Amino acid sequence: MWSASNGGGGGGGGGGGSSSGTNPTQSNTRTLGMTSAISLAEPKPEDIQKTTELEKALEPYNVFEAESELNHRMEILAKLNTLVKQWVRDVSISKNMPEALAEKLGGKIYTFGSYRLGVHHKGADIDALCVAPRNIERADYFGSFFELLKKQPEVTECRAVEEAFVPVIKMNFDGIEIDLLFARLALKEIPDNFDLRDDKLLKNLDPKSVRSLNGCRVTDEILRLVPDIDNFRLALRAIKLWAKKHGIYSNSLGYFGGVSWAMLVARTCQLYPNAVAATLVHKFFLVFSRWKWPQPVLLKQPDTVNLGFQVWDPRVNVQDRFHLMPIITPAYPQQNSTFNVSSSTRKVMLNEFNRGMQITDEIMLSKAGWDKLFEAPSFFFKYRHFIVLLVTSNNADDHLEWCGLVESKIRYLILNLERNQHINLAHVNPKCFEQHEQNQTERQRESDGGRALATLCSLWFIGLEFERSENLNVDLTESIQSFTDSVHKHAVHIKLLKDGMKIEARHVRRKQLSQYLDPNLLKRERKNSDSGLTISSIAAAAAAANTSGGSVGGTTLRKRHSSEHLHLATVNKKGRNDSFEQSPSNASSQSSSSSSQGAGSVSAANNTSVASVNTTNHNISGSNENLNSSSSQTAAPDVESSPAEPSSTSTTTSYNHMNHNDSSVTSTNNTTTLVLDDSSSEATSGGVVAAPQTPTTPTQTANPGPQQPPPQAQTATEVVCS
């Protein structure tokens, strides 16, 4: 069913067979991964020194927990484990099972994720799994056990998400956030030493239990497949911190999640089995800045188990062929942990891989310190145009649920925007911001006719990069409409929608960000703004470097990497590396996208825009133009707008739980055409220009004649929102 390129399970990773503390002169006896190791070289003194420096550089970021905090987590898990045993016993007795037998049934708490991997940071949550015997139903878990948890004095913020793809109970247990899954095994008893790695235990289980078990099984398999756990853990801590600082750590938004980053680091450990952590971090960027996506990353030859569950296989499953950056879990049933990746998030991550390669080259040459790797890039000064999503509700509990739902759907908005041929990139910032206090009171009063309401508001920002085009006309109405509709329908379906829950989409320019964000944050971003290159130009530079055959970095490292580049190329070619016999082998190159900052300019004299506005539905005098609709206005220039005109456009979808019907969301049919002056300097005045009643057509603008604007006025970009 699966291809075995290198015979005998394909070598891979070269295995540095034993765990930490192995005699360095001892030969490696274990083979890990799908290909042979790139290098079996032992660490040099300077590599060990760089690792010590890396560990010190990580300390200020709270990635290590004190011994007392670790003990506190163990105490919490012990209490939770006791609760599970007690609950299984009580439920079994209530179902007429003799007490003597009920005492022997057991039940156990397993951990997975970052805590199980040993890389959790200070204050991190715990991913856990409750395993129960066959006489305990899922309804019991979300019924009697949920009620038992709520009665515990240490438990707060306890809520059940039973309708999720992987059902979960979320809670705060004595100050630690815990996500607790449930799996019911087809076994009479669950002993304390029970091992979940046996594939046979999945037989006859329901799909939800299999998905719940997958987290523990994958985590244990990752730890089994790395040659040195201590080096793996330190390197993974560094990569996770880097990914979070650079805004590419979020599975739900289309980036890589924790398990995906762990598998990439584990694959690097297999390729460099004797390397210490600093070297592994450097080689991580070397390998994955040159990886031939969508070639899959696998840690081992997939198991040939046939229990009827669907596994990732593009030869069989058509949908698997469209995955952009597949990273395949090592435990049966094998799944792609990165199926949420979109074209935009792929571009963003590839850009960060290349940046990371450049920085770690400098670090290894002692031209920079590790702190440079963990510097957050400037998101808000990278783009001129943004879509801001404002999510509001009336109380904290509702807001937590409402924000969770919206965040899980944002990736669909990104996909909608990517379908627009004029958008090169839709870059979502995974950080959720709170409404800036200066504008909170204004928004509260506006929302209730002048009476202040205690509303909560969270924001997500999406940076937009448009293509270079003359007289560009962009209509994003349908993209925003379908997104708000999907959020609304899902909220109704799961009965989450409540009075006061509201989602609003606005287009804002860089100059207007201070209306939504703390000015001090923007000042720090401007100060920390790096070279100012867009994703397109950095990707193009990296592509040029790859074409020339050199490593991005110093001459010494170029020479050192030359043989590794050759090995990577050979591995990618022969046996299709971690790939399948018939899987698509299209190597995805980094596509160069055009910078939005050069999209063209239009002088105020050249009135090529129309604002057809119904004053009964638009607040013209205010700073924002609010539409009570599910559509969105987008893309205006990053220049100061005229005081008499709206500074931004927005679309609001508000839902009234008490009076919900098909007509509760009203839409206006007015059309607004906006002109973007993208190539003008930030000091230039202009922006949204109200034109005469008859719009100037693109043909009229393009024809030469005495009515044409001055030569410095170049191209115009129009955004139509209905």
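Q: What makes the crossing in which H1 passes H7 left-handed or right-handed?
A: H1 passes H7 in a left-handed crossing, a term used if the near helix is turned anticlockwise from the far one by less than a right angle, with right-handed kept for clockwise. This is a predicted model in which local features need pLDDT of at least 70 and side-chain atom pairs count only at pLDDT 80 or more, while totals for chains, interfaces and linings use all residues. Residues are numbered from 1 along each chain as its sequence is written, and side-chain values use heavy atoms, with hydrogens and water left out.

Q: Why are H1 and H7 called oblique to each other?
A: The axes of H1 and helix H7 (residues 229-245) cross at roughly 50° and come within 11 Å. Angles under 35 degrees count as roughly parallel, over 145 as roughly antiparallel, 65 to 115 as roughly perpendicular and the rest as oblique, and H1 and H7 are therefore oblique.

Q: Which residues of H1 and H7 meet?
A: With contact taken as heavy atoms within 4.5 Å, Thr51, Leu54, Glu55 and Leu58 in H1 meet Leu234, Arg237, Ala238 and Leu241 in H7.

Q: What is the orientation of helix H1 (residues 45-58) against helix H9 (residues 277-288)?
A: The two helices pack at an angle of about 85°, with their axes 7 Å apart, and that makes H1 roughly perpendicular to H9. On the H1 side Asp47, Lys50, Thr51 and Leu54 take part, and they meet Ala277, Ala278, Thr279 and Val281 in H9.

Q: Why is the pair of Trp242 and Trp261 given its name?
A: Rings of Phe, Tyr and Trp (its six-membered ring) pair if their centres lie within 6.5 Å, and planes under 30 degrees apart count as stacked, over 60 as edge-to-face and the rest as tilted. The ring centres of Trp242 and Trp261 are 5.7 Å apart and their planes lie at 85°, so the pair is edge-to-face. Trp242 lies in helix H7 and Trp261 in helix H8 (residues 258-271), 19 residues apart.

Q: How do you know whether Trp242 is buried or exposed?
A: Buried means under 20% relative accessible area, exposed over 50% and partly exposed in between (1.4 Å probe, protein chains only), so Trp242, at 0% relative accessibility, counts as buried.

Q: What makes Trp242 and Phe285 a ring pair, and of which kind?
A: Their ring centres are 4.8 Å apart and their planes are at 80°, so this pair is edge-to-face. Phe285 is buried, with a relative accessible area of 0%.

Technical notes. Axes are lines fitted to C-alpha atoms, for helices over the stretch in contact, and angles run from 0 to 180 degrees between N-to-C directions. Helices (H or I, at least four residues) and strands (E, at least two) are DSSP runs, numbered from the N terminus.
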